[in-house]
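Reader: Before we go through this model, please show it to me and then tell me how its terms are to be read.

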Amino acid sequence: MSENNTTKMNTEFKRVLRKILRNPSAVLGFVLLAFFIVVAIIAPVIAKPLNPMMLDENGNPTKLDNPYIMPIISWSSEPVPPSAEHPFGMIQGRDIFYGVVWGTRTAFYIGLTVTILSTIFGIIIGAIAGYYGGWIDEVLMRITDVFMSVPFLLSAMVLTTILGNGLDKVMIAMTVFGWMGAARLIRANILQVKEEQFVLAAKSLGVKDFFIIWRHILPNTIFPVLIQASMRMGSLVITAAGLSFLGLGAPLGYADWGSMLNFTRNWILGTSGSAFTYWYAVFYPGMAMVLFVLAWNLVGDALRDVFDPRLK
Amino acid sequence: MTTFIIRRLLLLPLIVLGVSLIIFSLFQILGPDKLLAAYVNPNVFDKLSVKELDALKEKYGLNKPFVERYGIWLWNALKGDLGWSQVGKEPVTKAIWSRFPYTLELALYAMFPVVGVGIWLGVAAAVNRDKFLDHFIRIIAIIGWSFPDFVFGLLVLMVFYSVLGWFPPGTLSQWAEEIVKSPNYLKVTHLLTVDALINGRLDIFWDALRHIIGPVLTLSFLWWAYLLRITRSSMLEVLSKEYVRTARAKGVPEKEVIHKHAKRNAMIPVVTVAGAMVIGLLSGTVIIEVIFNRTGIGRLAAEAAVQLDYATVLGDTLFYSVILVLGNLIIDILYAVFDPRVRLG
């Protein structure tokens, strides 16, 4: 039985793999994502977390206490064009290459944390609403409506303002206001599955509600939610970066693409007529973000095409 | 139809009430002392004695239990008193009302390229399915969809302002602003471009237009990509329907099949996502007004958030939510008008 199951799984896996490999944009998405994962893993190797302004007794740069705070390597705040030593140039006395590389970790950290937490939260709310129905469903869904009536960026901004600035606050804010999509989706799916024979059978056998939801309903409804989550990763990273860009998210000098772009704001508005001289200050962090979001969007699209042909 | 609209209208105040309750509760995390500062003009605030402060706390009900406090706040809000805006240096309601037309103008202008270009390209992609044009449009769309608005905005500023000098940041040039602020300049709609035409000032119209094109370009870029994707998939579905095949078999010209038979039905799902689009355009105004240094309720919210001006953030968010709910209501009604299945269901 179990052997039969594994071979079945294998053929299913091969089918999915073949479908993905045949789609060039899906391949591009997975390659980009793999690239970012590799960069995030080897960040300490390609951008050493050393502070050249603080030397130890042997004259070597000391290790940074927190590698996510970009070390200040020059006292001039004006952008410095790319050179052999600083391939992406410098801004505000900090190495852009360092920030872009360590920013990959920040992006993964924010995106994954918020996506996972808000999806779990949404699944709980949606599952309760869908499974129990009646007034519980009515109340929970109206609450969902209300949460959906505040523009996401603004609601995240409000909560960040109240909690105080910082990445952790941004993540809390985005989780509190980011669960509604998953809740609605899982509820709709559960409403469909609820009346299926196997659920009714489990119910008549006296299986506990929690167990029915956990073992019978969720495995049959979880896929669309996961696909939706992967498609949301990109926009979540954009929102977090947007908050940092406004000065509400990551602290000044944190290795975060949004706050690095915040630095460039002054230089673009301040130098009319010669803005292209500072192109690298926008280009590298900006491109990193676009490619990161693009990777997730392509992967999300590919997963949707493979698992849910209806949505094509 | 009428019952549908009435039901939606009845739900509207409930949702707004819910939003206000959520936002108000969140602000209670701050505690009474920080909150009081949000109600009073700071110039006055510093000179107040402890006794007067207590009187003010009493007036705004900051020492009372939560439910009562919410009631008092709501009552004040209904009377139009949302507190003092430190960023706007005027009462919050006034600060919002004077800035709202700018944001509205921006969002309205952005709708045109989004709807026009998005639907047009979506139909073109669907009709040329799997041909070069389709692939090309889809690649552009997914790249557009992946562009954070502030990155795109910075690029627009760089190219169109710094290099080409076409579209400057800001809302109006200095000279135009002085004329607009002068007392004999008619302000009918408070939308800069429209008022300029009413006053017969083409130079001001042109100046306002020059300032708004960059932000509009940025704001619409992301959303036409979104609309394009929805239009394309919806159009593809409709094109495979039997009645389209029938029309073709009858010898109806291809142009007519696409525009009369298919496109109209393909538009139904497009209208449903218009709600998401309104949310997106409204949220987008926050960052775009900051980048382009435009006056508006978006930048007001962003500045207030950075300076911890709680009253303004609270009032502004509430205002955005009301607009959002109203926008969704209008879309729902339009949807019911377009698709008879909705009002019957």
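Author: A residue is called buried if 20 or more other C-beta atoms lie within 10 Å of its own, exposed if 12 or fewer do, and partly exposed in between, the C-beta atoms being placed from the backbone. The model is predicted, so local features need pLDDT of at least 70 and side-chain atom pairs count only at pLDDT 80 or more, while totals for chains, interfaces and linings use all residues. Residues are numbered from 1 along each chain as its sequence is written, and chains are lettered from A and ligands numbered from 1 in the order in which they are written.

Reader: Is Leu308(B) buried, exposed or partly exposed?

Author: Leu308(B) is found in the loop between H14 and helix H15 (310–338) of chain B, where helices (H or I, at least four residues) and strands (E, at least two) are DSSP runs numbered from the N terminus. Its phi is positive, about 55°, although Leu308(B) is not a glycine. Because Leu308(B) has 18 C-beta neighbours inside 10 Å, it counts as partly exposed.

Reader: What share of the residues of chain B counts as buried?

Author: Chain B comes to 16 helices and 2 strands, and its C-alpha atoms fill a box of roughly 85 × 50 × 40 Å along the principal axes. Of the 345 residues of chain B, the share that counts as buried is 40%.

Reader: And what is the corresponding share for chain A?

Author: The secondary structure of chain A comes to 12 helices and 4 strands, and its C-alpha trace spans about 75 × 45 × 45 Å along the principal axes. Of the 312 residues of chain A, the share that counts as buried is 44%.

Reader: How many residues of chain B are in contact with chain A?

Author: Two residues are in contact if their C-beta atoms, placed from the backbone, lie within 7 Å. By that criterion, 38 residues of chain A meet chain B, and the number of residues on the side of chain B is 42.

Reader: How many nonpolar residues does the side of chain A that touches chain B have?

Author: Helices H5 (134–148), H6 (152–163), H10 (209–245), H11 (257–270) and H12 (279–307) of chain A each supply at least two residues of that side. In the classes used here, Ala, Val, Leu, Ile, Met, Phe, Trp, Tyr, Cys and Pro count as nonpolar, Asp, Glu, Lys and Arg as charged, and the others, Gly among them, as polar. The side has 10 polar and 2 charged residues, and the number of nonpolar ones is 26.

Reader: How far apart in space are Leu56(B) and Ala247(B)?

Author: Leu56(B) lies in helix H4 (residues 50–59) of chain B and, because it has 16 C-beta neighbours inside 10 Å, counts as partly exposed. Leu56(B) and Ala247(B) are 191 residues apart in sequence, and their C-alpha to C-alpha distance is 73 Å.
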